[in-house]
Amino acid sequence: MPIMPEPAGPHARRLRTESGPAWRGNGPLTARATRSTFPNPARRGLSVGVDIGGTKVAAGVVDVHGQILAEARRATPGQDPRAVESVITELVRELSADYRIRSIGIGAAGWMDLSNSTVLFSPHLAWRNEPLRRNLEKLLRRRVTVVNDADAAAWAEWRFGAGRGESRLVCVTLGTGIGGAMILGGRVERGRHGVAGEFGHQIIVPQGHRCECGNRGCWEQYASGNALGREARELAAAKSPVAQAIIAAAPGDGAAITGALVTRLAMEGDPASRELVDDVGQWLGLGLANLAAALDPGTFVIGGGLSAAGDLLLEPARRAFGRNLTGRGFRPAARIERAALGPEAGLIGAADLSRLLSRSGT
Ligand SMILES: [Zn+2]
């Protein structure tokens, strides 16, 4: 699969897009390939994309321009892998009833093996070495593409969103934790073992807050939605008068103070919530400066629920980025942009990848 980091060889497969061959040998799928020439995209080249998250499974019919023509969703049915597979099957069948579908792409929260057949591990679902692709192909009786959900979302932002035309794109998703993905030279970069992009677990504060990965001081303990919620709960527990609006928004229930709530209050103008979002933004910028030192991207695209705060989050991030960037003043700095596609990016990217890979005959 050319857009995944498989070794090149005599059997390297080629990827074609609407505008002709975009991938030769081991070269990149380039941004030039993004324009469609289909006269009627509503009828041709439709794909189903499915995004499997910890709480919901979202599916959509996606055209060659990344537009969603129809959507369906269900709650993620607990931890049972078989139940998750039947929900996916149901959604795909439901959407296929009204459209002629040429390919199916699944974005799953978890580590894929390099052949994208097996989910090695999923933090929120019970997949452990789960042959997801084979199982779904049996159930659906057709070919299925399975990709990591963060890779799928990054692909969508690169093809249709805030990262269009960028030769070195790094995407950071701020949700419960921090997700990451890279599109380098038109390829999804997944590292040697398929598990690259775990930016959230760079250690940014030695001996800092404990992380569920087992380490202390990981970036996602400081710059995620969870971090924002934790800081706000601490402020509320101290019964600080500045936390008035936060306490009033979750009366008698500290646990109801979440990153999403604080983001909303900040957007409504609450000064304490704005300060908390500002703090998270500064942590975000510091981590991005570390990533820039290692990866030198042209653009960072910031997505996930927390990115709804827009410039309340991104301005402090840009300032902290500028202050901490190595060689600042003597090098061009990456742009830091908010993701453009919202929570549907994962299903759009999964659909688009499946369509391009099916055209390549893989
Ligand atoms: Zn960690």
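Two strands count as paired if DSSP finds at least two bridges between them. The strands themselves are DSSP runs (E, at least two residues), as are the helices (H or I, at least four residues), and both are numbered from the N terminus. This is a predicted model, so please keep its cut-offs in mind: local features need pLDDT of at least 70, side-chain atom pairs count only at pLDDT 80 or more, and totals for chains, interfaces and linings use all residues. Residues are numbered from 1 along each chain as its sequence is written.

**View 1. A three-strand sheet in the order 7-8-9.** This open sheet has antiparallel pairing. Strand 7 (111–112) and strand 9 (128–130) are its edge strands, each pairing on one side only. Look for strand 8 (residues 119–121), which is joined to strand 9 by two bridges.

**View 2. A five-strand mixed sheet in the order 5-4-3-6-10.** This sheet is also described as open. Strand 5 and strand 10 (145–148) stand at its edges with a single partner strand each, so one side of each has no neighbour in the sheet. From one strand to the next, the twist averages 20°; axes here are lines fitted to C-alpha atoms (for helices, over the stretch in contact), with angles between N-to-C directions running from 0 to 180 degrees. Strand 3 (residues 47–52) and strand 6 (residues 103–108) run parallel and share six bridges. Asp51 is a handy landmark: its bridge partner in strand 6 is Gly107, and its bridge partner in strand 4 is Ala58.

**View 3. Strand 4 and its two hairpins.** Six of the seven residues of strand 4 (residues 56–62) are buried, so this strand is largely enclosed by the rest of the structure. Buried means that 20 or more other C-beta atoms, placed from the backbone, lie within 10 Å of the residue's own; a residue with 12 or fewer is exposed, and one in between is partly exposed. Strand 3 pairs with strand 4 in the antiparallel sense over six bridges, and three residues link the two in a hairpin. On to strand 5 (residues 68–75): seven bridges join this strand to strand 4, again antiparallel. Ala58 stands opposite Arg73 of strand 5. Five residues lie between strand 4 and strand 5 in their hairpin, and Gly66 in that turn has a positive phi of about 80°.

**View 4. Helix 1 lying across the sheet strands.** Helix 1 lies across strand 3, strand 4, strand 5 and strand 6, and runs at about 150° to strand 3. Within helix 1 (residues 81–96) you will find Val87, which counts as buried because it has 20 C-beta neighbours inside 10 Å. Beyond its neighbours within four places in sequence, Val87 is in contact (C-beta atoms, placed from the backbone, within 7 Å) with Val57, Arg74 and Pro77. The C-alpha atoms of Val87 and Arg73 are 9.2 Å apart, with the two residues separated by 14 positions along the chain.

**View 5. Helix 3, with twelve of twelve residues buried.** Among these buried residues are Trp155, Trp158 and Phe160, along with Asp149, Glu157 and Arg159. From first C-alpha to last, helix 3 (residues 149–160) reaches 16 Å, close to the expected 16 Å. That expected span is 1.5 Å times one less than the number of residues in the helix.

**View 6. The largest nonpolar core, with 97 residues.** Such a core is a set of buried Ala, Val, Leu, Ile, Met, Phe, Trp, Tyr and Cys residues joined through C-beta atoms within 7 Å. Val50, Ile88 and Ala154 have the most contacts inside this core. Helix 7 provides the largest share, eleven residues. At least three residues come from each of domain 1 (16–160 + 344–359) and domain 2 (168–340), with bounds taken from an automatic or database domain assignment. Setting aside neighbours within four places in sequence, Ile88 is in contact with Val50, Ile52, Val57, Ile106 and Leu136.

**View 7. Helix 7 and the residue that follows.** Helix 7 (residues 271–295) has 25 residues and reaches 35 Å from its first C-alpha to its last, close to the expected 36 Å.

Technical notes: Contact = placed C-beta atoms within 7 Å.
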